[in-house]
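Thanks for coming, everyone. I have one chain to walk you through today, so please look at the screen.

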Amino acid sequence: MEPLIPWFEDPDQALLERNQLWIENERENWKVLFSQLESSPLNVSQQQSVLLNDDNNLVLAGAGSGKTSVLTARVAYLLQSHLAQAEEILMVAFGKEASNEMRERLNGNVGLAANHVTVNTFHQLGLKILREVEGQAVNLSPLATDDNQRKGWCIDWLKKHWMTPTNFKRWQKHLSKWPIAYLAGDDELGSHVENPKLIAWLESQLMQLASMATTKKEYSAAYCR
C-alpha cells in the first residue's frame with residue numbers, strides 16, 4: 001500500500017512526477033529518432049514537446065527555433081509508436097509556403113509512412129469542410145485567392161469610385177480627418193489611385209469586412225463613411 005499513499009495525499013503532484021518519469025523513459029527509448037530525424041538533433045525541450053500526450057498542447061517558440069522539426073518528429077513518433085494512423089493526422093499551416101515545407105519535411109524525413117497524413121492551409125481545410133457539407137464543389141472568386149487580381153480590383157474600384165464627385169468629396173472629407181498612407185484628401189487625391197499603401201489599407205479593410213460576412217451594400221456603406 002505504501003506506493004499508493006502519495007496518490008491519496010497529493011494526487012496532482014504524484015501525477016506530475018509520474019508523467020515526468022514517463023517522458024524521461026520515452027526520451028531514452030526514442031533517442032535514435034530524436035538524434036537522426038532532422039539535420040540537427042532535437043534538444044530536450046523539443047523532445048518533451050514531441051512526447052507530451054495531453055489533449056491540448058501549446059508550443060510557444062520564436063521564428064527559426066525548430067517548431068516544424070517538432071511537428072515532423074511528432075508525426076514520426078505517433079506513426080512509429082502506433083499511437084495514430086497516418087489518415088488520422090491533420091497538420092494545418094497559415095500559408096502555402098509553410099504548408100509546402102511541412103509536406104517536404106514529412107516526405108524527406110518520415111517517408112512513405114506519412115503519405116496519407118493530411119497537410120492543409122486553413123483555407124484549404126475550410127474549403128474541404130464546405131465541400132463535404134455541401135456535397136459539391138465550392139466556387140471561389142479569384143479575388144479571394146489571387147493577390148494580384150485583388151490589388152487590381154482595388155485600383156479599378158478606386159478609379160471608378162472617385163469618378164463620382166459625391167464619393168470623391170466623401171473621401172476627401174474622411175482623409176482630411178483620418179489620413180491614410182499620408183494622404184490628406186487634397187485636390188491631387190486622384191493621382192494616388194495606385195498608391196501601394198492606400199491599396200494595402202483598402203485590401204485590409206476588404207478582408208476584415210469579408211471575415212464579418214457583410215453584404216456588398218454594407219461594404220460600400222462602410223467605405224463611403
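Start with the surface. The chain exposes about 15,600 Å², and carbon and sulfur atoms supply 54% of that area. Accessible areas here come from the Shrake-Rupley method with a 1.4 Å probe, and for residues only the protein chains shown count as cover.

A word on where this comes from. This is a predicted model: local features need pLDDT of at least 70, side-chain atom pairs count only at pLDDT 80 or more, and totals for chains, interfaces and linings use all residues. Residues are numbered from 1 along each chain as its sequence is written, and side-chain values use heavy atoms, with hydrogens and water left out.

Now the overall layout. The chain has 12 helices and two strands. Helices (H or I, at least four residues) and strands (E, at least two) are DSSP runs, numbered from the N terminus. In sequence order the pattern reads α-α-α-α-α-β-α-β-α-α-α-α-α-α. Of the 225 residues, 30% count as buried. Buried means under 20% relative accessible area, exposed means over 50%, and partly exposed is in between, with a 1.4 Å probe and protein chains only.

What about contacts? Contact means heavy atoms within 4.5 Å. Take the contacts with a separation of 6 or more: residues 24 or more positions apart account for 50% of them.

Next, the inside. In soluble globular proteins, nonpolar side chains tend to be buried together. A nonpolar core here is a set of buried Ala, Val, Leu, Ile, Met, Phe, Trp, Tyr and Cys residues joined through side-chain atoms within 4.5 Å. Which residues touch the most other members of the largest core? They are Ile89, Met91, Leu106 and Val117, out of 26 residues in that core. The elements giving two or more residues to this core are α3 (31-36), α4 (44-51), α5 (67-80), β1 (90-93) and α6 (96-110). Helix α5 gives the most, with seven residues.

Zoom in on Val117. Beyond four places in sequence, Val117 touches Val75, Ala86, Ile89, Met91, Arg103 and Leu106. There is also a second, separate core of 14 residues, and among them are Ile155, Leu158, Leu183 and Leu202.

Move to strand β2, residues 118-121, where we find Asn120. Asn120 counts as buried, at 11% relative accessibility. Asn120 and Arg103 are 17 residues apart along the chain, and their C-alpha atoms are separated by 9.2 Å.

Now charges. Side chains of opposite charge can pair when their charged atoms come close. A salt bridge here is a side-chain nitrogen of Lys or Arg within 4 Å of a carboxyl oxygen of Asp or Glu. By this rule the count comes to eight.

One of them joins the side chains of Glu38 and Arg105, at 3.1 Å, N to O. Glu38 lies in the loop between α3 and α4 and Arg105 in helix α6, so the pair ties together parts that are 67 residues apart in sequence. Glu38 is buried at 10% relative accessibility. Arg105 is partly exposed at 22%. Glu38, Glu101 and Arg105 are linked in a network of salt bridges.

Another salt bridge is between Asp147 and Arg150, with the closest N and O atoms 2.5 Å apart. Both residues lie in helix α9, residues 147-161, three residues apart, about one turn of the helix. Asp147 is partly exposed at 46%, whereas Arg150 is buried at 9%.

Then there is Glu194 with Lys159, at 3.8 Å, N to O. Glu194 lies in the loop between α10 (165-177) and α11 (196-211) and Lys159 in helix α9, so this pair ties together parts that are 35 residues apart in sequence.

Which charged residue is buried yet has no salt bridge? Glu26 is one. The nearest side chain of opposite charge, Arg74, is 8.6 Å away. Lys and Arg count as positive and Asp and Glu as negative, while His and the chain ends are not counted. Glu26 lies in helix α2, residues 11-29. Leaving aside neighbours within four places in sequence, Glu26 is in contact with Leu51 and Tyr77.

That is the tour. Questions, please.
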